[in-house]
Amino acid sequence: MLFSWKGGIWLVDEDISRRTIAVSIKASKLTARGLAYVLGGIARKIAKHHRAKQTPHGRQTVRQLMGHGAATNSIEVEAPALFDRVARKWNVDYAFYQVAPDKHLLFFKAGQADAITACFSEYSKRLLKRTKSTKAPIREQLKEAAAELVRQPSRQKERAKEAVHEDR
């Protein structure tokens, strides 16, 4: 703690003064039970404030999202990694639930529907752009090239035959 002496008054650091709780009890006779009751109320208020600060934001599990106590909606999403990048930009709370190996449900708070709509429109634009510009995977390209080579006649045999015909 940082204290400073100024004009006969101890000044406490600003951080400490912000954390100070002022409690006033109006009682003609203060008993231990009454004091315990007041302190219990203060503890509940502090715990509630602490829980509010600890609420996760952004990507989280479905259980954590449901634990917020808000209504939720869901949408089916193809590429969760791409949606993650966009959602971080829009600061929305969401969770993924895998239905099948290639299907994911996106859960989000109903109160954030406007932000999710904007986020989802940007996500769909990126998804369309990605599908247009992507090439086939390299293994598929190699398979196609091998199949093409099999279909084409070999040039070495033709050249050898032509050489034999020219000698005669």
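A residue counts as buried under 20% relative accessible area, as exposed over 50%, and as partly exposed in between. The structure shown here is a predicted model. In it, Leu 35 has a relative accessibility of 36%, and therefore counts as partly exposed. Leu 35 lies in helix α2, which covers residues 32-54. Together with Ile 25, Leu 30 and Leu 39, Leu 35 makes a nonpolar surface patch of about 360 Å².

The sheet comes next. Strands of a sheet pair through backbone hydrogen bonds, in either a parallel or an antiparallel sense. Here three strands form an open sheet with antiparallel pairing, and their order is β3-β5-β4. The edge strands, each pairing on one side only, are β3 (72-77) and β4 (94-100). From one strand to the next, the twist averages 25 degrees.

The pairing of β4 with β5 (residues 103-109) is antiparallel and runs over six bridges. Ala 100 has its bridge partner in β5, namely Lys 103. Helix α4 packs on this sheet and touches β3, β4 and β5. The direction of α4 makes about 170 degrees with that of β4.

Helix α4 itself spans residues 80-90. Its buried residues are Pro 80, Leu 82, Phe 83, Asp 84, Val 86 and Ala 87. They count as buried because the relative accessible area of a buried residue is under 20%. After α4 comes Asn 91, which has a positive phi, near 55 degrees.

Definitions and conventions: Residues numbered from 1 in each chain as written. Predicted model: local features only at pLDDT ≥ 70, side-chain atom pairs only at ≥ 80, totals over all residues. Heavy atoms only, no water. Patch = residues over 30% accessible without salt bridge, like charges linked within 9 Å, V, L, I, M, F, W, Y side chains within 5 Å. Areas by Shrake-Rupley, 256 points an atom, 1.4 Å probe, with all protein chains shown as cover. Salt bridge = Lys/Arg side-chain N within 4 Å of Asp/Glu carboxyl O. Helix = DSSP H or I, 4+ residues; strand = E, 2+ residues; numbered from the N terminus. Buried < 20%, exposed > 50% of the residue type's maximum accessible area, 1.4 Å probe, protein only. Pairing = 2+ DSSP bridges. Axes fitted to C-alpha atoms, helices over the stretch in contact; angles between N-to-C directions. Contact = heavy atoms within 4.5 Å.
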